[in-house]
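Reader: I'm new to this one, could you walk me through it?
Author: Gladly, and here it is.

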Amino acid sequence: TARGIWQSVSFAGVMTLVELSGLLLIVGLGAAYTPDLTRRLPEVWSGLDGAAAWVGMAGAILLAFFAFTGFEGLANIAEEVKEPSRTLPIAIFLTLAVVTLVYAAVVWVSVVAVPREELAQTAAPLSLVFERVTGTSPAVITAIAIAATINGIIVFMVMGSRVIYGMAAQGLLPAPLARVNARTRTPLLSTGLVVAAVLVLALTFPIEGLAEASSRITLIIFAFVNAALLKLKIDRSAAPAGAFIVPVGVPALGLATSLALLASEIVLRL
């Protein structure tokens, strides 16, 4: 399936660059629109001294977590990576660092360029920021947002179909799901199953609800993965040759953080 993965990942890579260019465009235009951007940095965390602000932030964390989902999917294409034991950990950490910095910069520019009260009242805050700093129609940033959404869906379908294909190849799912098309060299049945599931969910549920549900499921999976790794650490199980090794504190912190995020959402709903 190397050819099919290469084509899918290449397309997703191009769409990712388009998405990133939109975010950097917001940051660049906002910085130009606000010359004293650095001096006004404290405005980003002003007003966080009240309990209501922290409750609101806690409620938004689960949805914000959705922006970071997907990096773990890098492991699904490990067989197409040169020196995966070295390359993948670097790629994952680099991805997390870049995403964090870009989103922090976007938040910084947005809060300074547009009063937070206006941002809270709009359903499309980045479009409002673009319109405010440029004085033009937000059609460009809207098109980039659509491309970003499509990119996320494509990446999910690629990774999801590969997971189903891999599980079927190991006998954990029905064998037909592991069949590879002779012409495209891709698991068409597995891909079609994921596409059908995406269509049903997209047409049945609102996108915000899907994002929240995806975040919950991902956090539950993260909790189980960290718990399993912690158990291996406690049992002092030998790691496979060439595996990336982390201290025992990493899975312990990951488990605690995942459970804390899930618990905070439950508390907020009560």
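**A walk through the model**

Author: α3 has 30 residues and spans 42 Å from its first C-alpha to its last, close to the 44 Å expected at 1.5 Å a residue (the expected span is 1.5 Å times one less than the number of residues; helices are DSSP runs of H or I, at least four residues, numbered from the N terminus). This is a predicted model, in which local features need pLDDT of at least 70, side-chain atom pairs count only at pLDDT 80 or more, and totals for chains, interfaces and linings use all residues. Residues are numbered from 1 along each chain as its sequence is written, and side-chain values use heavy atoms, with hydrogens and water left out.

Reader: Which residues in α3 are buried?
Author: Among them are Leu88, Pro89, Val102 and Ala113, where buried means under 20% relative accessible area, exposed over 50% and partly exposed in between, with a 1.4 Å probe and protein chains only.

Reader: And what is in the largest nonpolar core?
Author: That core has eleven residues, including Ile26, Val111, Ala113 and Phe130; such a core is a set of buried Ala, Val, Leu, Ile, Met, Phe, Trp, Tyr and Cys residues joined through side-chain atoms within 4.5 Å. The largest share of this core, four residues, comes from α5.

Reader: Changing topic, how many salt bridges are there?
Author: The count comes to one, taking a side-chain nitrogen of Lys or Arg within 4 Å of a carboxyl oxygen of Asp or Glu. Lys231 and Asp235 form this salt bridge at 2.5 Å, N to O.

Reader: Is Lys231 buried or partly exposed?
Author: Lys231 is partly exposed at 47% relative accessibility, and Asp235 is partly exposed at 41%.

Definitions and conventions:
Helix = DSSP H or I, 4+ residues; strand = E, 2+ residues; numbered from the N terminus.
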